[in-house]
Structures are given as structure tokens and as C-alpha cells.
Amino acid sequence: MKKKKVFTNGCFDVIHPGHVELLRRAREFGDELIVGLNSDISVRAIKGNGRPYFSQEDRRSILLGLDSVDEVLIFDEPTPERLIQNIAPDVLVKGGDWKIEEIIGADFVMERGGEVHSLPLVNGYSSTKVIEALQDPDVTSIVEGGRDIVTASLDEHLQTFQVVLKSLRTEIRKSGELLVDTFRSGGKVLVCGNGGSAADAQHIAAEFVGRYETERDSLPAIALTTDTSALTAIGNDYGFERIFARQVESLAHKGDCLIAISTSGNSPNVIAAVMEARRKGCRVLGLTGGGGKKLASLSDASILAPSSRTARIQEVHLAIIHIWCEMVDAAFAASE
């Protein structure tokens with residue numbers, strides 16, 4: 001008789017009782033539980049500098065020591081999509097911080113008659129909280145009273161950019177090359193972001209369309225998804241959570257690129273747009289903060305600004321936007 005295969009995935013860098021309980025409950029849905037494990041390269045892309053704390057082989061060994069886990073497969077990509085298609089599980093399981101429509105591979109599994117479950121998380125357990133409790137305050141801490149706020153803010157700004165310079169050059173280069181490749185292949189770039197990130201999205205479009213510092217014979221194609229009149233109409237018809245996804249559905253084609261901006265990395269309307277872009281065969285470039293692992297894990301390339309403060313995150317994003325513009329200008333100038 002064919003075994004019923006259950007699949008889940010994650011980084012499992014700091015394993016806690018919540019993970020153990022999630023894996024136990026996942027195993028109950030079938031005869032064997034296969035865990036997709038983000039490789040060290042993949043974890044760094046999703047969680048940023050300094051991660052993982054344990055190597056992929058150490059994490060694999062720990063998982064295999066649990067009675068609930070039958071097999072652990074390591075993957076290098078940001079998402080386990082290819083792995084899920086190769087395994088073709090009967091059941092797909094994720095933690096309750098993921099809605100079913102946000103789970104990579106859900107459509108594939110359900111189309112084959114399988115099940116997809118988003119299991120409630122165990123209260124009180126979080127890898128982020130564990131790590132924060134172990135670490136000393138760093139550049140992500142809020143400016144405290146008793147110091148001159150101008151000096152404190154500038155110091156924090158400089159410390160944040162020192163981390164960017166030391167740790168994010170590869171990610172900035174990779175994401176910029178993705179944009180250049182999109183433009184060269186004739187694709188469009190779509191941009192979405194809400195709240196303060198909406199201004200960043202407008203800034204990106206203005207810089208590219210305005211040709212930045214160099215005149216170009218052919219302008220990159222930008223489909224702006226923060227136009228207020230369009231968003232009002234779409235919000236009325238489809239609801240706030242589908243406000244960007246509906247535009248991606250209408251405007252995007254395979255080979256286009258979506259720049260998704262969310263300082264938290266968890267904005268439901270931005271994540272919905274990302275999932276729609278993935279369905280249409282677009283590449284996704286994520287801009288988020290230090291805790292934005294959800295957006296990062298769904299993106300082909302991502303930048304996690306090394307801070308939890310919105311002001312510092314947006315400063316990093318704006319600096320990177322200008323670097324992207326310089327990369328595009330240089331690429332177009334070299335080809336003329």
C-alpha cells in the first residue's frame with residue numbers, strides 16, 4: 001500500500017518546543033514526514049547577516065533525531081517549490097503564521113487532490129524571541145532617553161549602514177542584476193508598497209522613468225502600483241488585501257519583475273501581490289527589514305535592512321534604490 005507522504009519546510013535554526021509540536025502534528029496527517037530544510041545559503045538570503053547559527057548538517061541531524069521526522073532534504077533555493085514538485089506530497093503543512101494561499105506549493109498539491117494545512121502555532125514560542133533574549137541590544141534598538149536624539153539617530157544610521165556595507169553587497173548586486181536583466185529582456189517592472197513603503201515605490205518609479213543621472217535612448221518599462229486613484233477603485237471592488245494583487249494579475253506577464261516593499265515583510269496585501277506574481281511567472285525582488293523573513297522567503301532576491309526601526313529600514317531602502325539606478329544606467333551606457 002502506498003505511503004501517505006507529508007511535507008513541511010523551514011530553516012529550523014533555533015529549534016524550540018513549538019517546532020517539535022508542529023512536526024509531531026504534521027506527522028499525524030500521514031505515514032511519513034519529509035522536512036525540506038533551507039540550506040545555509042538559503043537561510044542567509046531569508047534571515048540576513050549572521051544566520052544560520054547552526055550549519056545545515058547540524059540542523060539536519062537535530063531534525064532526524066526527532067521521532068516525528070522520517071527524512072530531511074536540504075534545498076538551496078529561497079522556496080521549496082521545486083522540491084515539492086519532485087516529491088509530490090499528499091499533504092502539505094505549514095505553521096499558522098502562513099495563510100493557505102501564501103504557502104508555496106499549495107496550488108500544486110491541491111490540484112493533485114492533496115491536502116494543505118496551516119496549523120495553529122504553540123503560544124509563547126518564537127525563534128525571533130529566543131534570539132532577541134540571547135542578544136545584547138544592537139543597532140535595531142529604539143533610541144532611548146538621556147541622549148541627544150540627533151547624535152543618537154545619526155550614530156544608529158551610521159551603524160546600520162556599516163552592516164549594509166559589510167554584509168549586504170552581494171544581495172544588492174544580485175537584486176540589481178535581476179532588474180538589469182528584466183529591462184534588457186524587454187520586461188516590465190511593477191512596484192508595490194503600502195504605508196511609508198508606498199513613498200519608496202513612488203521614488204523607484206520616479207527615478208527610473210526620470211532617467212536618473214544618465215540619458216537613455218530606451219526607458220525601462222515601469223508599471224506603478226501605488227497610483228492613488230487606481231488603488232481606491234480596486235480597493236472598493238476587491239478589498240484592501242487584494243489591492244496590489246489585482247493590478248499584478250492585470251498588468252504582469254511572465255518575465256516581468258515585481259519589486260515588493262514591506263518594512264515588516266508581513267503586509268498581507270504585499271504578500272498577496274507576491275503570490276500572484278509567482279503564479280504568473282514573474283520574478284520577485286523583496287525589500288524588507290531585519291524581521292521580514294516571510295517576504296524574503298518568497299522572493300527570488302531580497303534585501304533585509306539590518307534594523308527593526310522603520311526609519312532606518314527606509315533609509316537603507318532608498319540608498320539601495322539609488323544603487324539600482326546606477327547599475328541600470330551603467331548597464332545601458334555599456335550597451336550603447
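Trainee: What pLDDT does the chain average?
Mentor: This is a predicted model, and the chain averages a pLDDT of 86. Of the residues, 85% score at least 70.

Trainee: Where does pLDDT stay under 50?
Mentor: Over residues 136–145. The model has 17 contacts beyond four places in sequence for that stretch. Where pLDDT is low, the predicted coordinates should not be read in detail.

Trainee: Okay, on to the inside. Which residues touch the most other members in the largest nonpolar core?
Mentor: That core has 31 residues, and the ones touching the most other members are Phe 7, Leu 92, Cys 192, Leu 258, Ala 260, Val 274 and Leu 298. Elements giving two or more residues to this core include strand E6 (188–193), strand E8 (257–261) and helix H12 (268–279).

Trainee: And which element gives the most?
Mentor: H12, with six residues.

Trainee: What does Phe 7 touch?
Mentor: Leaving out residues up to four places away in sequence, its contacts include Leu 33, Val 35, Leu 83, Ile 87 and Val 93. There's also a second, separate core of 29 residues, with Ile 172, Ile 204, Ile 313 and Val 316 among them.

Trainee: New topic: how many salt bridges does the structure hold?
Mentor: It holds 22. One of them joins the side chains of Arg 51 and Asp 13, at 2.9 Å from N to O. Arg 51 sits in the loop between H2 and helix H3 (56–64), and Asp 13 in the loop between strand E1 (5–10) and helix H1 (17–27), so the pair ties together parts 38 residues apart in sequence.

Trainee: Are those two buried or exposed?
Mentor: Both Arg 51 and Asp 13 are buried.

Trainee: What about Arg 312 and Glu 315, where do they lie?
Mentor: Both are in helix H14 (residues 310–335), three residues apart, which is about one turn of the helix. Arg 312 counts as buried because its relative accessibility is 7%, under the 20% cut-off. Glu 315, at 25%, counts as partly exposed.

Trainee: Which residues do salt bridges with shared partners join into one network?
Mentor: Asp 107, Arg 242, Arg 246, Glu 249, Glu 276 and Arg 279. Within that, Arg 279 and Glu 276 meet at 3.3 Å, N to O.

Trainee: Last one: which residues form a nonpolar patch on the surface?
Mentor: Ile 149, Val 150 and Leu 154, with about 300 Å² of accessible area together. Leu 154 is in helix H7 (residues 149–167).

Methods
Residues are numbered from 1 along each chain as its sequence is written. This is a predicted model: local features need pLDDT of at least 70, side-chain atom pairs count only at pLDDT 80 or more; totals for chains, interfaces and linings use all residues. Side-chain values use heavy atoms; hydrogens and water are left out. Patches are made of residues with over 30% relative accessible area and no salt bridge: like charges are joined within 9 Å, nonpolar side chains (Val, Leu, Ile, Met, Phe, Trp, Tyr) within 5 Å. Accessible areas come from the Shrake-Rupley method with a 1.4 Å probe; for residues, only the protein chains shown count as cover. A salt bridge is a side-chain nitrogen of Lys or Arg within 4 Å of a carboxyl oxygen of Asp or Glu. Helices (H or I, at least four residues) and strands (E, at least two) are DSSP runs, numbered from the N terminus. pLDDT is the predictor's confidence in each residue, from 0 to 100. Contact means heavy atoms within 4.5 Å. A nonpolar core is a set of buried Ala, Val, Leu, Ile, Met, Phe, Trp, Tyr and Cys residues joined through side-chain atoms within 4.5 Å. Buried means under 20% relative accessible area, exposed over 50%, partly exposed in between (1.4 Å probe, protein chains only).
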